[in-house]
Amino acid sequence: MGFQAFLDIAVVALRFLLPVYAVVIIYQCFASMRRHRRPEKPLVTLEEKSTGMQIPVLFWENSIGRSKGSDICVDDPTVSRDHCVLLRRQEGWLVSDIGSKGGTYVNKKKARDRTQVLIDDEITVGSTTFTLKRGDEFQDRIRPSWFFSKASNKGSLQPYKLMLLITFFHLFMTVEACFTNEVQNFEPFTVFLCLEALLWSFFFVSTVILKRVNFELEALASFLTGIGVILLVRQEMRSAYIQLIAAGIGMVLFCSLVKFIENPDRVNSWRMAIMIGAIALLAINIVFGTVQYGAANWIKIGPVTVQPSEFVKIAYIFVGAAALDKLQTKRNFLEFIIFSAICVGALALMGDFGTALIFFATFLLIAFMRSGDFKTVLLALVSVVFAGTIVLKFKPYVADRFAAWGHVWEHAQDTAYQQARVLTYTASGGLSGVGVGNGYLKYVGASESDLVFGLLSEEMGVIVSFAIAFSLVALAFYARAITTRSRSTFYSISACCAAGLMIIQSALNIFGATDILPLTGVTLPFISAGGSSIISCWGLLAFIKAADERTYAAKRLKRHKEND
């Protein structure tokens, strides 16, 4: 057997290996997330003075009141429905009255905003008195699992082993890209080496320098980012390098944002400044934006083109979650409603209706988390249907997309040309794909961005593309699961909304390209080409990372030992 024949067999074998390999990596990421969870034991307990009943305090922020929706429900007619909030901050446990009729008292003294409560202090609400008692906060600790340390739970991979798995997956993709049916070219190896240098540098900074106690989220994002970069090497090498540089900027933003929002009190103080900055960015975009792909949401700065709306997504989550950080505060929520209207209106003026829809859907999510009221959501939905009707009337190209929706084969040569090619080439890719660089969808416009799910399906197979789609959905479930262990309402809401935003964006990308929904021209998180998009995705991931209570476990344990 000659070398070329052996090489051909090896490349074919990789096509069948990579789908299974991708599933294994994604499983390992989420298995580690599930196993490395802080035991849900009480941080402290409230002991009712008259009965001696122990009420566990499980959260970092706890609403206390007569309402059944309160975290700590008090069956006492003298207690207001929403009476006070017991919360944990760096300086200790604090209690804040939220406009109750009878007031809140600590050791028989009326509590003001954030009155400190020490162990064995008494908290009186209405005619009920509680004593703050120690809980199991420091009993079970998750051991740091960086670099060569053992995983804290049986069956989980050590972080560096998970990174090795990801590196070899990217290597196998690169080998496929080097030996395509068209031509053999070893330049993709240069991109691969730069990619892995970036990912391992990020791993070293996160686990050794910053001493993060877990790396599963970053590993998943690194895995997806690498796939997106390598898919570009057979389309336009320059785009692959741009994507690499943008990913590096995104990782720096990720680390900076996690550090910035680690103090919940800092969040609210910056809310207004970030809101004004986001509005200013949109205004600059409206004035100086250039039209690309039907929307005037691009700004050219020399040889670089940026999409400001991608960065506004980060500000939008920050402002929306910060507006709800103080429980039961209506004024902040009104500010957020106005901010949302400005964002969606500006995006509509730019013609970027896909991103406007993402913002609106995220607003619905935040609004429901704030009120729990379906009537609020229904009213907003009626408003957007009315606005959508106006858009279809005055924007003919949007109406054309809706006309082609569900009739892809009737418009296969005109308005549904892209979706028809996606469906055709996805079918030709089958389960294992035709190999990186061997697809034909790459010759269709926007295949590396809006249609990337089809490109992924054709070249790597539907198993890989479905596994990636599943990983993004699972990310939302993970964000929801960690909210009960978050240190503040801000982290809970921002994590859920950041994950929700990425899910909505993924659904619009995948279902739009496959004609299940109208094509809206949005990117697939971490995979699609686009520097602004990849930076934004890493920034959104920071909210989910910050919500993970384990992120700060090592610091609290060290502080606790010092206090002892």
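A: A nonpolar core is a set of buried Ala, Val, Leu, Ile, Met, Phe, Trp, Tyr and Cys residues joined through side-chain atoms within 4.5 Å. The model shown here is predicted.

Q: Which residues touch the most other members of the largest nonpolar core?

A: The largest nonpolar core has 111 residues, and those touching the most other members are F169, I227, M460, F543 and I544. A separate second core of 21 residues includes V44, C84, L86 and A111.

Q: What does F543 touch, apart from residues up to four places away in sequence?

A: With those neighbours left out, F543 touches L257, I261, I314, I317, F318, F490, S494, A495 and A498.

Q: How is a pair of aromatic rings described?

A: Two quantities are used: the distance of the centres and the angle of the planes. The structure holds 22 aromatic pairs. One of the pairs is formed by Y21 and F172, whose ring centres are 6.0 Å apart, with planes at 55 degrees, so the pair is tilted. The two residues come from distant parts of the chain: Y21 lies in helix 1 (residues 3–35) and F172 in helix 2 (residues 159–178), 151 residues apart.

Q: Is Y21 buried or exposed?

A: Buried means under 20% relative accessible area. Y21 has a relative accessible area of 12% and is therefore buried, whereas F172, at 22%, is partly exposed.

Q: Why is the pair of F260 and F318 classed as tilted?

A: Planes under 30 degrees apart count as stacked and those over 60 as edge-to-face, with the rest tilted. The planes of F260 and F318 are at 35 degrees, with ring centres 6.2 Å apart, so this pair is tilted. The pair links F260 in helix 5 (residues 237–260) with F318 in helix 7 (residues 308–323), 58 residues apart. F260 is partly exposed, with a relative accessible area of 23%, while F318 is buried, at 2%. F318 is also one of the residues touched by F543.

Q: Which residues do ring pairs link into a cluster?

A: The cluster consists of W200, F202, F203, F215, F254, F526 and W538, linked by ring pairs.

How values were computed
Residues numbered from 1 in each chain as written. Predicted model: local features only at pLDDT ≥ 70, side-chain atom pairs only at ≥ 80, totals over all residues. Heavy atoms only, no water. Buried < 20%, exposed > 50% of the residue type's maximum accessible area, 1.4 Å probe, protein only. Contact = heavy atoms within 4.5 Å. Phe/Tyr/Trp six-rings, centres within 6.5 Å; stacked < 30°, edge-to-face > 60°. Helix = DSSP H or I, 4+ residues; strand = E, 2+ residues; numbered from the N terminus.
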